[in-house]
Amino acid sequence: MTDAPPPAPPGRHDRPLAPAGGAQAVSELPVVTTYPLAFTGQAGEYFRIWIVNTALSIVTLGLYLPWARVRQRQYFYGHTWLDGQNFEYTASPVALLRGYLIVGAFFLAYSVTANFDSTLWIAGLIAVLFFGLYPWLVMKSLRFVAASTTYRGLRFRHHGKAGGAYLAYGLANVAAGLTGGLALPWAWFMQRRYQVQNAAYGNAHATFRGDVGDFYVIGLTGLAVGIGGGVLLALPLIALFFLLGGANFPEAGGETFTPGLVAGLVGAYLALLALYAVAWQYVRAATLRSVLNRVEVGGVVRTGATFSPWRLVWIGVSNALVQALTLGLATPWAAVRRARYVVQGVQVRAIASLDDFAADAAPSESALGEAATELLDINLGF
Amino acid sequence: MTLPAPDPLSLSGVFFDGRTSRDRAATLTVSAGEAQLRVDGGLETRWAVTQLRIDPPVPGVRRVLKFPDGSRFETADDASVTALEARTGRNRALGQVRRLETRWWTALGALALTLALAWGFVAYGIPALARGAAKATPRSVLATFDRETVQFLEDGGYLGSSRLSAARQAQLQTEFRRVTAWAGGGYPYRLLLRDGAPEDAPFQLGANAFALPNGTVVMTDQLVALARSDRELLGVLAHETGHVTHRHGLAGVYQGLGLTLLSVAVTGDLISAGTFAAAVPAALLRNGYSRAAETQADEGAGRYLMGTYGTTRPLRDILARLDREDRNADESSVRGGSRTEDLLQTHPGTAQRLRHLRDIEARGR
Ligand SMILES: [Zn+2]
């Protein structure tokens, strides 16, 4: 090669990058290095950021909200470390604001028009539009989140196409509904595969090595938790209902609920919510762990997760309880607690140096999908 | 005009060229409008300070400076970057936000402000908005509401036909018209006398009376039986017409809607607002609004009884009897309830209501 000499002496980064699957071609046994992820965020520090940004959002009637979201996320990304370098969230608040305004306007229009018979068709139209665009919004959101994540000066990317999104988030969800949930784990599998398979760090593409069986095991475990817990809960609740349902409700005035019945109903409601939360949190946690154990990037890096799904369920449920008891003021503490546990339980195993990834052309991504998934809390699974 | 050149700033950190993931130790020296980047291994570049992009600061997070060619310099030396920002006038607004975020006293100030605004919104904002919305709701909507609720209660078997004699019913209807003439407001008032405990009712209403938004008042035979005089029943009916004229039923619906929106604001999205963490405080607040409405209705009923009989005693007696579930009880048999019990009730504690009615009587004399 007689090109102009490189500005820096040839270093590790000048070696050709091993393409996906190419690492196996090297005859000598690769040395595997494990890099644990670390989280350095502090609950007190994050509380200050959270409350100041919440107050600013309220005072500005919500206009500051995108800045608040970006700062809060920057805090978590910036405190997540891998091999001595931290991640970075680079989304533009202005782009997010535009997305929020569009989604908010549609939501407002829907809420208002759904109340009157004469305008019900507009609400219907918006609902149809939303369900029709849902997979596309998810795709936009995945692309935006990936493009907004930087590590070691290189951006992540998501190469997902609309076709794949309509298969994984449209068709698969419809199939799950039509089969009464039988195909739901398959839908999860399709969605996670779409997320991972299209992800890339720089020009190194990720591959998903999971199979649909993992998701059926997770789904069945979640179902067993739900049914088992339901049976255990039902017995005392039925007794309670008869005890209170048989009594009279002596109140002059608009309501027919005695404090006892209200407390009983609230208790039953909370118990069912807690059960649902446990089962669902288990599915989420186990899926996250399973997926992280089956991601490969560029053929040289694999991620692994050692956190316990059950411990994560406990963290999720106790977080929700503490948040409810503190009227939401413990939210920052809860977020830091969860992030710390998850991040500390994730490792990256590499057979090449993490220095050797190269950039890819990175087009800018629209924030509309991200705004929609965030405001409507569409669960992307991670 | 030229200021004396500030001392050069020297920052050490990491350099990324933006094309590979390789990190290289580097130092950045900024003096008089020029930034000189020295990367370990020899690379040296110069940029005009105006070409540097400095990412806004976030407490505890490494600072990032970006160069026009896509390369970047990251440093933990926040103090120097802050000094550079001050010199070049960058990130003024978000730097200010960062200052608020770094100190406990400003964070606690933000907390106090948030709590005050949330409290103000819950205590005054939502009720005022709900009142306004309830007033603006057209009568046709109210009529639909009444019709459908009565239909639901009758079809569902909650209410049966009254077992009172025709003469007794006619007498109560006449007395009800006296109350509605006093209440006014132009609502199509009607009194439905019904059996509150039909045999196969899924849910026993028992001794009860309630008002629907468009002036339909339902009173059960069981309540009529519990009363020792018609004055007591008129007190109850006056209370119910108060719910109608103040549009409490509709305001309650709107308050529920407002609380949902507030939950959305607090939890940050539309779905978690419907769950667990948001459900309990919302239920407590709803009960709070409901207690305020009861107090307002009692106020009206108290004034009606004072004007007609010069005493609020009849309503007090029947409230006490409802509370004790005892036909022979009167107001002296009611003890005060605890604070927490009070919080869970949709109506104020009976003891509290009796005190309120006694106060009205004392004021009226
Ligand atoms: Zn009432």
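**Entry 1: B:L94 and its surroundings**

I began at B:L94, which touches A:Y64, A:W67, A:R71, B:P56 and B:P57, residues up to four places away in sequence not being counted. I took contact to mean heavy atoms within 4.5 Å. I was working on a predicted model, in which local features need pLDDT of at least 70, side-chain atom pairs count only at pLDDT 80 or more, and totals for chains, interfaces and linings use all residues; side-chain values use heavy atoms, with hydrogens and water left out. Residues are numbered from 1 along each chain as its sequence is written, and chains are lettered from A and ligands numbered from 1 in the order in which they are written.

I placed B:L94 in helix α2 (residues 92-102) of chain B. Helices (H or I, at least four residues) and strands (E, at least two) are DSSP runs, numbered from the N terminus. I noted that B:L94 is buried, at a relative accessible area of 17%. The scale I used calls a residue buried under 20% relative accessible area, exposed over 50% and partly exposed in between (1.4 Å probe, protein chains only). I also recorded 8.7 Å between the C-alpha atoms of B:L94 and B:V58, which are 36 residues apart along the chain.

**Entry 2: two positive phi values in chain B**

I looked up B:N91, in the loop between α1 and α2 of chain B. B:N91 is not a glycine, yet has a positive phi of about 50°. B:N91 is partly exposed, with a relative accessible area of 22%.

I then turned to B:R247, in the loop between α7 (230-245) and α8 (248-267) of chain B. Phi of B:R247 is likewise positive, near 55°, in a residue other than glycine. B:R247 counts as buried, at 10% relative accessibility.

**Entry 3: the sheet of chain B**

I traced seven strands in an open sheet, ordered β4-β3-β2-β1-β7-β6-β5 (chain B), with antiparallel pairing. Strands β4 (44-48) and β5 (53-54) of chain B are at the edges with a single partner strand each, so one side of each has no neighbour in the sheet. Two strands count as paired if DSSP finds at least two bridges between them. Two bridges join β5(B) to the antiparallel strand β6 (residues 63-66) of chain B. I found B:L65 in β6(B) as the bridge partner of B:I54.

Helix α1 (residues 78-88) of chain B lies across β1 (9-16), β2 (24-31), β5, β6 and β7 (72-75) of chain B, at about 110° to β1(B). For such angles, axes are lines fitted to C-alpha atoms, for helices over the stretch in contact, and values run from 0 to 180 degrees between N-to-C directions.

I checked the UniProt record, an unreviewed entry, which places "domain: DUF7092" at residues 11-87 of chain B. UniProt positions are given in the numbering used here, feature names are shortened, and annotations may be inferred rather than shown by experiment. Residues 11-87 of chain B are 13% helix and 45% strand, with end C-alpha atoms 15 Å apart.

**Entry 4: helix α3 of chain B**

Does the span of α3(B) agree or disagree with its number of residues? At 1.5 Å a residue, the 33 residues of α3 (residues 104-136) of chain B should span 48 Å, and the end C-alpha atoms are 45 Å apart, which agrees. The expected span is 1.5 Å times one less than the number of residues.

I found that α3(B) bends by about 40° at B:F121. The bend is the angle between axes fitted to the seven residues ending at a residue and the seven starting there. The buried residues of α3(B) include B:T106, B:A110, B:V122, B:P127 and B:A134.

The unreviewed UniProt entry places a "transmembrane region" at residues 104-126 of chain B. I read residues 104-126 of chain B as 100% helix and 0% strand, with end C-alpha atoms 31 Å apart.

I counted eleven helices and eleven strands in chain A. Of its 382 residues, 47% count as buried.

Ten strands of chain A close into a barrel in the order β1-β2-β3-β4-β5-β6-β7-β9-β10-β11, with antiparallel pairing. Neighbouring strands of this sheet are turned by 30° against each other on average, direction ignored.

I looked at β10 (residues 301-305) of chain A, where four of the five residues are buried. Two bridges join β9 (residues 295-297) of chain A to β10(A), antiparallel, and A:V301 is the bridge partner of A:V297. In their hairpin, with three residues between the strands, A:G298 takes a positive phi near 60°. β10(A) also pairs with β11 (residues 346-350) of chain A over five antiparallel bridges, and A:A305 stands opposite A:V346.
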